[in-house]
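Here is a short report on one protein chain and its ligand. Please keep the sequence and the 3D view open while reading.

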Amino acid sequence: MGNGTSRLYSALTKTLDGSPAAQHLEYLGAPDPEQLEPIDPKELLEECRAVLHTRPPRFQRGFVDLRADGPSSSHAPIRVMQWNILAQALGEGKDNFVQCPLEALKWEERKCLILEEILAYQPDILCLQEVDHYFDTFRPLLGRLGYQGTFFPKPWSPCLDVEHNNGPDGCALFFLQNRFKLVNSANIRLTAMTLKTNQVAIAQTLECKESSRQFCIAVTHLKARTGWERFRSAQGCDLLQNLQNITQGAKIPLIVCGDFNAEPTEEVYRHFASSSLNLNSAYKLLSADGQSEPPYTTWKIRTSGESRHTLDYIWYSKHALSVRSALALLTEEQIGPNRLPSFNYPSDHLSLVCDFSFNEEP
Ligand SMILES: NC(=O)C1=CN([C@@H]2O[C@H](COP(=O)(O)OP(=O)(O)OC[C@H]3O[C@@H](n4cnc5c(N)ncnc54)[C@H](OP(=O)(O)O)[C@@H]3O)[C@@H](O)[C@H]2O)C=CC1
Ligand SMILES: [Mg+2]
């Protein structure tokens with residue numbers, strides 16, 4: 001290891017004071033010291049691979065070209081990653097992934113698998129759910145990679161019930177500061193039938209530094225479990241209403257990433273598909289007819305049995321934006337008989353990654 005690598009090793013292992021007092025400083029707008037010392041993504045990736053040297057090799061996933069004929073923007077595409085990364089406290093303490101060895105869930109290695117996935121695709125915008133290591137891991141490391149981050153914890157995170165938890169989980173949104181300027185940011189506590197709920201969203205209006213075009217990006221994680229379909233639907237309506245206001249009635253192009261905890265057959269999905277915001281779900285474009293969602297975005301085995309569902313989506317304004325490519329999902333063979341998470345993959349949800357471009361002005 002050269003000097004550069006040992007410097008990065010300290011970057012990877014260094015943790016911040018995650019105490020509630022230190023976290024409170026974040027809300028008061030304390031300066032972010034990590035941003036002062038940039039890290040080269042290639043070197044950090046190498047460092048992650050060194051930590052993971054005993055693990056099986058990374059799964060290969062290719063991007064599928066989805067460009068239609070005709071003119072498209074000459075500007076660099078906007079790469080968006082949607083990912084429920086699995087909260088550390090929930091994975092170890094609540095989720096009961098009975099076929100996943102506890103060893104595979106150890107944070108020191110799992111965080112490297114998560115970082116490796118992010119570094120492999122280098123998204124311009126990163127939308128995460130179940131983040132319970134924002135202050136000590138993702139904000140400092142991604143900050144040094146050039147991202148500006150925002151975190152909105154769930155008001156009553158189930159992580160807090162787990163012994164030795166690392167604080168509440170929530171949604172996090174990161175964007176590359178050299179590509180975008182933050183115009184407006186809203187942390188939204190979702191309501192259902194006017195009642196405040198335990199689910200949240202972040203919505204930000206960004207301006208592309210290259211093209212000066214503005215768009216809105218939102219991240220959410222809706223209520224989980226069967227029996228809560230109407231609740232999820234109400235949360236979805238609340239989010240759509242908020243996004244109507246933020247996009248000035250669909251004038252500003254929109255991308256919404258989330259773990260909706262809802263199959264495409266659910267009401268909340270139909271609300272998004274038929275909204276006056278004119279949204280399409282990007283991963284449908286991977287199907288032969290462009291009309292079907294993928295067969296799964298999460299696949300796990302709990303004590304209650306095997307659970308394979310499509311719950312995660314990237315919605316986009318279909319008139320203003322085009323999907324240039326999307327990252328293929330893992331195959332059943334790659335996922336393996338014990339499903340997710342595993343020694344190969346750190347979450348029970350797959351990451352979704354799309355490249356977007358603005359359609360030319362009419
Ligand atoms: N102290 C208080 O007053 C309150 C405390 N709470 C706490 O919050 C919890 C509920 O919070 P809420 O946010 O509504 O929960 P959700 O139902 O939305 O689920 C929370 C998490 O559990 C995961 N999950 C889904 N299905 C299962 C399953 N079968 N087994 C284990 N985990 C699963 C979800 O992951 P995924 O999305 O990946 O499926 C999700 O991240 C309560 O159990 C309580 O601990 C809540 C309200 C008030
Ligand atoms: Mg989960």
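Which residue of S14 is the bridge partner of Asp-65? The partner is Ser-325.

## Overview

This is a predicted model. The chain contains 9 helices and 15 strands. It has 362 residues, and 54% of them count as buried. Its accessible surface is about 16000 Å². Carbon and sulfur atoms contribute 51% of that surface.

Among contacts with a separation of 6 or more, 78% join residues 24 or more positions apart.

## The seven-stranded sheet

Seven strands form an open sheet with mixed pairing. Their order is S1-S14-S15-S2-S3-S5-S4. S1 (63-65) and S4 (147-153) are the edge strands, and each pairs on one side only. From one strand to the next, the twist averages 25 degrees.

The pairing of Asp-65 with Ser-325 belongs to the S1 end of this order. There, S1 meets S14 (residues 321-327) in the antiparallel sense, over 3 bridges.

## Helices on the sheet

Two helices are described here against the strands. H5 (residues 107-121) lies across S1, S2 (78-84), S3 (125-131), S14 and S15 (352-358). H5 runs at about 160 degrees to S2. H6 (residues 134-144) packs on the sheet too, touching S3, S4 and S5 (170-176). The direction of H6 makes about 160 degrees with that of S4.

How many of the residues of H6 are buried? The count is 11 of 11. Buried residues of H6 include Tyr-134, Phe-135, Phe-138, Leu-141 and Leu-142. Just after H6, Gly-146 takes a positive phi of about 105 degrees.

S13 (residues 312-317) is mostly covered, with 6 of its 6 residues buried. Both faces are covered. Asp-312, Ile-314 and Tyr-316 lie on one side. Tyr-313, Trp-315 and Ser-317 lie on the other.

S13 pairs with two strands described here. S9 (residues 254-259) joins S13 in the antiparallel sense over 5 bridges. S10 (residues 279-281) also pairs with S13 in the antiparallel sense, over 3 bridges. Which residue of S13 is the bridge partner of Ile-255? It is Tyr-316. Asn-280 also stands opposite Tyr-316. Tyr-316 itself is buried.

## The ligand site

Ligand 1 is surrounded by 19 residues. The closest are Lys-154, Asp-161, His-221, Lys-223 and His-349.

For His-349, the distance to a ligand oxygen atom is 2.8 Å. A polar side-chain atom of Asn-198 lies 2.9 Å from an oxygen atom of the ligand. The side chain of Asn-84 has an N or O atom 3.3 Å from a ligand oxygen atom. Asn-84 falls within the range of S2 (78-84), one of the strands that H5 lies across.

How much of ligand 1 does the protein bury? Taken alone, the ligand exposes 920 Å², and the protein buries 71% of that.

Conventions. Residues numbered from 1 in each chain as written. Chains lettered and ligands numbered in written order. Predicted model: local features only at pLDDT ≥ 70, side-chain atom pairs only at ≥ 80, totals over all residues. Heavy atoms only, no water. Pairing = 2+ DSSP bridges. Helix = DSSP H or I, 4+ residues; strand = E, 2+ residues; numbered from the N terminus. Axes fitted to C-alpha atoms, helices over the stretch in contact; angles between N-to-C directions. Contact = heavy atoms within 4.5 Å. Near = heavy atom within 4 Å. Polar contact = N/O pair within 3.5 Å; in protein donor to acceptor, adjacent residues only side chain to side chain. Areas by Shrake-Rupley, 256 points an atom, 1.4 Å probe, with all protein chains shown as cover. Buried < 20%, exposed > 50% of the residue type's maximum accessible area, 1.4 Å probe, protein only.
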